[in-house]
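Q: Could you walk me through this model, one piece at a time?

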Amino acid sequence: MEQFIVSARKYRPDTFGSLIGQENIARTLKNSIIRGQLAHAYLFCGPRGVGKTTTARIFAKSINCLNPGPDMEPCGKCESCLSFAEGRSYCIHELDAASNNSVDDIRNLTDMVRIPPQVGKYSVYIIDEVHMLSSAAFNAFLKTLEEPPAHAIFILATTEKHKILPTILSRCQTFDFNRISVPDIVHNLEDIASKEGISIDSGSLHVIAVKADGAMRDALTIFDQIVAFCGKEIRYEDVIRDLNVLDYEYYFKIVDNSLAGDYMSSLLLLDEILSKGFNALYFVSGLSSHLRDLLVCRNSQGSALLSLPPTLIERYREQAAKCSVQFLFSSLNITMGCEAGYRQSGNQRLLIEFALMRMAEKALPQEKSAPLQTASQQTPPQQAAPPQAEPRQPEATPSIQEPRQAAPTAKLPGLSLKSLISKAEQQETSGISDDSTPQVDEPLTFESMMNAWQTLAGRERTSGRSSLATAMLHHSPGIDIGSSVLTFFVSNSAQQEWIREKAVSRMEAAMRKELGNSKVKIDVQIYESPRGQKEAVPYMPEDKAKFMVAKHPELGELVKDLELDVK
C-alpha cells in the first residue's frame, strides 16, 4: 500500500511563483537576491498556515542554488537543492525555538554559526516559533544576530510578533504575512482536486475556505478530512454534516419567516437547529453575519465584500430586495444585542427566542403597530406641554424676578457663604423655590410620608451617617396628617438633644422637598415603652458606663475600690 502524504506536505509550494497570497513578499525577496542586497536577519510574522516557514525555505534554497533561473527561482536539480529536498543539507538549518529556548541552545547555535557552508554561499538558520525563546536566550542571541559572519543569514518566524523584544525587531527586516483570501484558497483547492481526480462543487469549497479562516494549511487539512469522509465524490450536504456547519438555508428561512411575521416557524427552526447539536451562540453569530450580507447586497457594489460563490450571491440579492433597510438595521441590532448578552443570560434559549420574536415584530406592517406608536408618541408631548410654559410665567412678575437678575451682576463680588445659607433657609421656610416660583403644597398621605422617611434614611446611610439612619428605622415614626407633623422617636435624651441641634433642620428640608409640601415638620421625642416607662437605651459613653454599673453591682464595688469617677 502506497504511503499517504497529507496535502499540506504534498502540495507545499517550492518556488516563489507557487506561493499563494503573498505576492508582494515574494517579489521583495526575489529582487533582493537579484540585486545582491541580502540582509543578515529577517523576521517573518503572521497568522498560522499562511506560508512563513515555506517562504523561508524557498528563500534559503534560492540564495544557495547553483543554477538559479532568470527570475532567481531555485532549479531543484543542483546538489544544494537536492540535499535540502532529501534532508541532508549542511547549509540550511531549521530549529524549533519552542523546544530549544534556553541559553545553552543559543550558545550551541552561535558555535554552529562559525562553521562556513560546504555547498553554496550561505549558511541559513530558520528559527521557527522564535517568540518562545526566553528573555535570557534573546539577550544571548543579540550580539550574534547583529554581527554574524558574512556567510550566515537568520530567518526568524513567529505568529506572535508582540512577544519579540524590540532589540530583536530592530536588527531584522520584518515581513508581515497576510491571511489568504477565500477566492485564493478556493482556486488552490480546485487545482488540487483536479490533480487528485476528486469531484467537488464550488459551494463545498467555499465552506472549507471560510472554515479555514485564511490559513491554507488548515484548508488542506479540512480538505483531506472531507475526502476521507466522502471519497472521490464530494457533495455539499456531506461537507456541512462532516464539518458540523450550519447550512445557509436556515438563515434564509429565518429571514423569510420574519418578513412574514411568522415567529412560530422561526422558533421551530431554532428547535431543529439545537436538536442537531449546534451551538446556540454560533447560530446567533451566523444570523448576524447573514443580515450583514443582506445589507451589503442591497448595493450593487457591495457584492465585492462577500466571500460567497456566485450562485449564492444571487440568492442573497433576491432576498435583500425583499427587506427594507430599516428591517435589516433593526434585526441586526437585535441579534448583536442577543449575542452580547448571551453569556450573562440565565435563560439563553429564551433570549434567542425573544430575539426571533422581535425580528418578526419589526417586519409587521406599519398600520398594525401604528396605534401603539401614536399612543406612546403623543402622550409625552401632552404631559410635557405645561412644564414648557411654566418657566415663562415669572416674566410677568418682575417684583420676584428683579432681585434674582441683579444678584449675579451687581452683588456677585459681595456674596458670602453665610448670605447664601441664610437665603436658602429663607426660601425653605417661605416655601419659595430657587426659580422664585411659589410652591403648591402637595396633599399628604400616610404612605407618602412613610416612603419619604425611608428614602431619607437611605440617603443618610449613603452619606456616611449610618448611626442616624439606624435610629430613624429603629422605631416607626408617628404621623399626624392634619398638622403635617412627623414624630421621630429616639431612645434617650442625649440622642434627642443631638438630633434637634444638628440634624432636624436638614431632615425637615429634605422631607419637604421629597413630599412637595412646605408645612412638614419633624418633632423629636423619646420613645415610651408600652408599660409607660421610658426605654433606657444607653447612647452616649457616660450613659453606657452608668448602665453597666447599675446592672452589675460587683462592677460598682470595683469602681468604689479604685476610686473611679463615672460621669
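A: Cysteine 172 sits in the loop between helix 7 (166-169) and strand 5 (173-176), where helices (H or I, at least four residues) and strands (E, at least two) are DSSP runs numbered from the N terminus. This is a predicted model, in which local features need pLDDT of at least 70 and side-chain atom pairs count only at pLDDT 80 or more, while totals for chains, interfaces and linings use all residues. Residues are numbered from 1 along each chain as its sequence is written, and side-chain values use heavy atoms, with hydrogens and water left out.

Q: Is cysteine 172 buried or exposed?

A: Cysteine 172 counts as buried, because its relative accessibility is 10%; buried means under 20% relative accessible area, exposed over 50%, and partly exposed in between (1.4 Å probe, protein chains only).

Q: And what is cysteine 172 in contact with, neighbours within four places in sequence aside?

A: Cysteine 172 is in contact with Ala41, Tyr42, Leu43, Leu145 and Leu156, contact meaning heavy atoms within 4.5 Å. Leucine 43 is 129 residues apart from cysteine 172 along the chain, yet their C-alpha atoms are separated by 5.8 Å.

Q: What order do the strands of the sheet have?

A: The open sheet has five strands in the order 2-3-4-1-5, with parallel pairing; two strands pair if DSSP finds at least two bridges between them. Strand 2 (92-96) and strand 5 each have a single partner strand, so one side of each is left without a neighbour in the sheet.

Q: How many bridges join strand 1 and strand 5?

A: Strand 1 (residues 41-45) pairs with strand 5 in the parallel sense over four bridges, and glutamine 173 in strand 5 is the bridge partner of tyrosine 42.

Q: Which strands does helix 3 touch?

A: Helix 3 (residues 52-64) packs on the sheet and touches strand 1, strand 2, strand 3 (123-128) and strand 4 (152-158), its direction making about 175 degrees with that of strand 3. For these angles, axes are lines fitted to C-alpha atoms, for helices over the stretch in contact, and values run from 0 to 180 degrees between N-to-C directions.

Q: Changing topic, at what angle do helix 14 and helix 17 cross?

A: The axes of helix 14 (residues 280-297) and helix 17 (residues 348-362) cross at roughly 25 degrees and come within 11 Å. Helix 14 is therefore roughly parallel to helix 17, given that angles under 35 degrees count as roughly parallel, over 145 as roughly antiparallel, 65 to 115 as roughly perpendicular and the rest as oblique.

Q: Which residues make that contact?

A: Ala280, Phe283, Val284, Leu287 and Leu291 of helix 14 meet Ile352, Leu356 and Met359 of helix 17.
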